Amino acid sequence: MQRRSFLTPTACAMAAVLASAGAFASSHREAPFITGMPKVDGTDFYMFNSYESGRDNYVTLIANYLPLQDAYGGPNYFALDDDAIYEIHIDNTGNAQEDITFQFQFNTERKNLAVDVDGVSVPVPLINIGNISAADNSAQNVLETYTVKMITGDRRTGNAQSLTDAGSGSETFAKPLDNIGTKSITDYKAYSESFIHDVTIPDCPMPGKVFVGQRQEGFVVNLGEVFDLVALNPLGERDSRSNTIGDKNVTSLALEIPTGCLTGENTVIGGWTTASIRQATVINPSPKGTTTTGSDNAKVPAVKGGAFTQVSRLGSPLVNEVVIGLQDKDRFNASEPKDDGQFATYVTNPTLPALVEILFGVPAPETPRNDLVTVFLTGVPGVTQLPMVTASEMLRLNTGIAATAAGSQIDLGVAGGDFAGFPNGRRPIDDVVDIALTAAEGFLCGADLNGEAAGGELGNCGTQNTAQVEQIVTDGALPNAADYLTVFPYLNTPLPGANNVPM
């Protein structure tokens, strides 16, 4: 059993940043409305100091969308939404409003490739008609490209400038096809790496990197048993269950930005990702073929218009999934951090410990959970809190804490003594499920910080100290370091839809 005693007081404080978040799926199909729009469903958000060799002064941001992809999901696979905008927001002042936004927009071109059938040219039903490589995409029937704008100030009214390719100066970037299979794309790893673009960032003296494409799902959870009324042994061994989404892929929007181009007067930044769609949709009852999506409104399946409206939001993992009540899940997805006071009760009086008490007889910590309000909504003073902070939900990172090398990272993050990990930002290896569940069950209650970092007894639950759990609470599924890359974009090469190894 792993005991609480290995945590330092600072670790105790930082481990609670997501303590109210529970411990189930991160943000996959988490709200009723978003289940019908998988292309704009944000699943996970990562923000960490880059640990690739030679990238010490960079921060990596990864926003994952389109959950639970089966690699064999043809013939259309998993294109993103041309009529949506995908955004990563940075708050470097503490007012719970975006100071910098990176806005992604996509365009899909359908080439309508055809084959000769007894003298008749007939369009094919497939996404490709032959082998594809980084050097030759002539057999590719569908091409996805995207642009990235950096907006300073308000996401809709601020100053917008384009990121450009550092070599060509182009404002348009190509996205790789999904991993159809090894016959279509023989060496997918090499193929996908050719879509990592060095970019020039407005008002930033150093170039960064951008990559958008399919990756192997990096989140680890024993999903089925958890949602079956926690049908597992939460006080058992951490490696006792399988990762039930380990055979899925996801689509990543990844940026690597020089640290100084994200921070303000402090080394701490907050971050979250959102997706927005047009308010109105009119279905075309007689759609016809088109070469480029949206090029002819008389032909496309639907015409969309009106203002962009936010339908997905994700900062810290697990929040909307198991913290926000069912009736407020859609509201949370449409909200901004500056308005998070409306959800305060879900933090001060979290339902997860009460449910665990009903199911397992483990007494829930006292409420209101003042410990969670302090560290979850504001960050830890002296560690992940910005001056004059507005209480709000987002992922927070102290960029001044050096990255831990890939081979030395601890999947329990701060709770395991690795201060470069969750909840000081979030890396792919961090086992946010076990960390969050353990904290929610009272890991911090009564912890005396002795003036270190936060300067006080932030660990109190309610008005009294209640007993802590003294071991890691787990879903039984563990991350495996071999399943992640040690270089940008860090999430692994996606699983192929077919593995056609020559006989």
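Predicted model: local features only at pLDDT ≥ 70, side-chain atom pairs only at ≥ 80, totals over all residues.

User: Fine. Where is Thr93?

Analyst: Thr93 is in the loop that joins strand S3 (84-91) to strand S4 (100-110).

User: Is Thr93 buried, exposed or partly exposed, and why?

Analyst: Thr93 is partly exposed, because its relative accessibility is 39% and that class runs between 20% and 50%.

User: What is Thr93 in contact with, leaving aside neighbours within four places in sequence?

Analyst: Asp99, Leu386 and Pro387. There is also a polar contact between the side chains of Thr93 and Asn95, at 3.2 Å.

User: Switching to rings. How many aromatic pairs in the whole structure?

Analyst: A search finds eleven. One of them is Phe48 with Tyr490, edge-to-face, with 5.1 Å between centres and 80° between planes. Phe48 belongs to strand S1 (residues 42-49) and Tyr490 to the segment after helix H9 (432-443), so the pair links parts of the chain 442 residues apart.

User: Are Phe48 and Tyr490 buried or exposed?

Analyst: Both Phe48 and Tyr490 are buried.

User: What about Phe106 and Tyr146, and why is that pair called tilted?

Analyst: Their planes are at 40°, so the pair counts as tilted; stacked would need under 30 degrees and edge-to-face over 60. The ring centres of Phe106 and Tyr146 are 5.6 Å apart. Phe106 is in strand S4 and Tyr146 in strand S7 (residues 142-152), 40 residues apart. Both residues are buried.

User: Which aromatic cluster are they in?

Analyst: One formed by Tyr65, Tyr86, Phe104, Phe106, Tyr146 and Phe173.

User: Which charged end sits over the ring of Phe308?

Analyst: That of Arg278, 3.8 Å from the ring centre. Arg313 lies over the face of Phe332, 4.3 Å from the centre of that ring.

User: Last one. Where is Glu393 found?

Analyst: Glu393 is in the loop between helix H8 (370-377) and strand S16 (395-398).

User: Buried or exposed?

Analyst: Glu393 is buried, because its relative accessible area is 2% and the cut-off is under 20%.

User: What does the Glu393 side chain reach?

Analyst: The backbone nitrogen of Ser316, at 2.9 Å.

Technical notes
Residues numbered from 1 in each chain as written. Heavy atoms only, no water. Helix = DSSP H or I, 4+ residues; strand = E, 2+ residues; numbered from the N terminus. Buried < 20%, exposed > 50% of the residue type's maximum accessible area, 1.4 Å probe, protein only. Contact = heavy atoms within 4.5 Å. Polar contact = N/O pair within 3.5 Å; in protein donor to acceptor, adjacent residues only side chain to side chain. Phe/Tyr/Trp six-rings, centres within 6.5 Å; stacked < 30°, edge-to-face > 60°. Lys NZ or Arg CZ within 6 Å of the ring centre and 35° of its normal.
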